[in-house]
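Please keep the sequence and the coordinates at hand while reading.

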Amino acid sequence: MTRALIDLDAIAHNTRLLARAANGSGVMAVVKADGFGHGAVPVARTALASGASWLGVTSLREAMELRSAGITAPILMWLYAPFEELDEALLGGIDVSASSTTALETLAGAAQRTGRTAAVHLKADTGLSRGGATAAEWPHLLAAAVKLRDAGLLEIRAVWSHLAHAEDPSDPGLRRQLEAFSLARAAAREAGIESPLIHLANSAAVLQLPEAHFDLVRPGIALYGAEPVPGRVFGLRPAMTLESTVILTKRVSPGTGVSYGPDFYTDRETTLALVPAGYADGVPRGIGGRASVSIGGVRCPIVGRVAMDQVVVDVGDSPVVPGDRVVIFGSGEGGEPTVGEWAEWVDTNAHEILTGIGTRVPRVHYSVESPNETSTRNPSLPVECAEITPS
């Protein structure tokens, strides 16, 4: 009844756009968190066919899902527990990030057990204060990595970092990070690390900060069509449409309470439509009274509290009937809300909305460019409803 339609042509378009913006730098398509909720394997395949040459994931499990699907492209994973056994990563040809000498020892142990050299991306903390070695720790990380490289256990494949705020190119914090990254790269050269891959740029930096491109760029949210810089439009196409179905309608009188509490009462005679999508499916619980959905291309408000499995929509006097299609969010081309609007209504970012779509919501991948490789859909909207302003 509720499903997420994934437009792989939009993923392809966005990848090509980002590759052009990278202007010769390689593209690492970040497909962590199941491709930001879009399906990691089909997104990865589409991105690789459209200009990406690397894939980025968080965990070993995510990396091995791609390998199990037959994807052979270079993959970087960057988050794991201290002393976690990484034998499978080395056997699967997965590159691994290292931010500490403990991580290097873990990788060296895996190399000794498997007989495989560990491909390592050394990460510097340039100001995000998450992963990465601080300026004080960086020389020790470099020295340990060189020692293990010379012992034949590691290949130092890359030096990298992560930007905290690339949305404003004039931000002083961004300038400090770029300088810190320059110093980290210089220290790596002085330590005898020659010609590693250098990568830093996230989605916003790919599109507007050429000085951060280096050898690879790492777009994430932009790959899925969400514009990463507030107030700027780069021509990205949203890839996910979250749709559902009206399963019940009822005519109610003024003063009717709706959903739990209730903390919403109708102010007139109206029709309520029940939609089987709730917070277990990714509709934020507190969004009632602020959000709307599209039925027949016209927006109608969600009223009352969002339940685990369903929401109630006030459709006024429109002839909405069970079976009518409901667009929760989409590209916006048909007047429906976008994921960016949903993020604004909840005071969050598009990343959280997209990755929050529950696992019980099926993903239906489709492509017009390659119709034989994916499923297709009928995008028609069957009915119109009266436009209603949320109370």
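Across which strands does helix α1 lie, and at about what angle to β1 does it run? Helix α1 (residues 8–22) lies across β1 (3–7) and β17, and its direction is at about 45° to that of β1.

## Basis and confidence

This is a predicted model, in which local features need pLDDT of at least 70 and side-chain atom pairs count only at pLDDT 80 or more, whereas totals for chains, interfaces and linings use all residues. Residues are numbered from 1 along each chain as its sequence is written, and side-chain values use heavy atoms, with hydrogens and water left out.

The pLDDT, which is the predictor's confidence in each residue on a scale from 0 to 100, averages 93 over the protein chain, and 94% of the residues score at least 70. Over residues 372–391 the pLDDT is below 50, although this stretch has 54 contacts in the model beyond near neighbours in sequence, a contact being heavy atoms within 4.5 Å. Where pLDDT is low, the predicted coordinates should not be read in detail.

## The open sheet

Helices (H or I, at least four residues) and strands (E, at least two) are DSSP runs numbered from the N terminus, and two strands pair if DSSP finds at least two bridges between them. On these terms, nine strands form an open sheet with mixed pairing, in the order β11-β12-β15-β14-β13-β16-β10-β1-β17. Its edge strands, β11 (248–252) and β17 (363–366), each pair on one side only, and the twist averages 35° from one strand to the next; axes are lines fitted to C-alpha atoms, for helices over the stretch in contact, and angles run from 0 to 180 degrees between N-to-C directions.

Within this order, β13 (residues 292–295) and β16 (residues 325–329) run antiparallel and are joined by two bridges, with S294 having V327 in β16 as its bridge partner.

## The closed barrel

Eight strands make a closed barrel with parallel pairing, running β2-β3-β4-β5-β6-β7-β8-β9. Strands β8 (residues 197–201) and β9 (residues 216–217) pair in the parallel sense over two bridges, and the bridge partner of A201 in β9 is V217. Helix α6 (residues 101–114) lies across β5 (95–98), β6 (118–123) and β7 (154–160), and runs at about 175° to β6.

## Backbone details

The peptide bond from G261 to P262 is cis, with omega near -20°, and P262 lies in the loop between β11 and β12 (270–275). A33, a residue other than glycine, has a positive phi near 50° and is placed in helix α2 (residues 32–36).
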